[in-house]
Amino acid sequence: LGEGEGEDEGEDDALAAFQRRVSAWPEQVLRYCHHADAQPLWLSRLRRPAEVPPCGRCGAPRWFEYQIVPNLVASIERAAEAGGAGDAAAPEEALDWGTVAVFTCSASCAATGEADAYAEEYCWHQTA
């Protein structure tokens, strides 16, 4: 293999695996799976988080919980077209992403007061 060729093959494999898995349920916009061994379905072998920081409230590790897949963009665009939205966003303003993976506290730590009713979680945006 020439320089960089193996990396391109890995990229193609990752994207093909993503497309194959998502095409089984073409209408899905969200993939949910919250347990210790769960992993996002990545579009690429590159542009993944090096590490996911621990929970900012209790310090427990964060686990993958769900991801938003690119089909959401198509669903939003179809809904806008069906609703007759004539002022659709210009291409440079349109939503665009590969996948967004959300990692949440593995301890599901409880809020301590009204100000803590919601916890800040960790989101990773992997571009296409």
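Select Thr-99 and Gln-67: their side chains are joined by a polar contact of 2.6 Å. A polar contact here is a pair of N or O atoms within 3.5 Å; within protein, one must be able to donate a hydrogen and the other to accept it, and residues adjacent in sequence count only if both atoms are side-chain atoms. The model is predicted: local features need pLDDT of at least 70, side-chain atom pairs count only at pLDDT 80 or more, and totals for chains, interfaces and linings use all residues. Residues are numbered from 1 along each chain as its sequence is written, and side-chain values use heavy atoms, with hydrogens and water left out.

Stay on Thr-99 and colour strand β3, residues 99-105, to which Thr-99 belongs. Strands (E, at least two residues) and helices (H or I, at least four) are DSSP runs, numbered from the N terminus. Thr-99 has a relative accessible area of 0% and is therefore buried (buried is under 20% relative accessible area, exposed over 50%, partly exposed in between, with a 1.4 Å probe and protein chains only). Now show what surrounds Thr-99. Beyond four places in sequence, its contacts (heavy atoms within 4.5 Å) include Leu-41, Trp-42 and Leu-43, then Ile-68 and Val-69, and also Trp-124 and His-125.

Next, go to Ala-128, in the segment after β4 (122-126). With a relative accessible area of 76%, Ala-128 is exposed. Setting aside residues up to four places away in sequence, Ala-128 touches Leu-43, Arg-47 and Gly-98.

From Ala-128, move to its contact Arg-47. Arg-47 sits in the loop between β1 (30-32) and β2 (62-68). Its relative accessible area is 37%, so Arg-47 is partly exposed. Check the backbone too: phi of Arg-47 is near 60°, a positive value in a residue other than glycine.

Ser-108 is the next stop, in the loop between β3 and β4. Its phi is near 45°, again positive in a residue other than glycine. Ser-108 counts as exposed because its relative accessibility is 56%.

Finally, zoom out to the whole chain. Two helices and four strands make up its secondary structure, in the order α-β-β-α-β-β along the sequence. Of the 128 residues, 27% are buried. Among contacts with a separation of 6 or more, 82% are between residues 24 or more positions apart.
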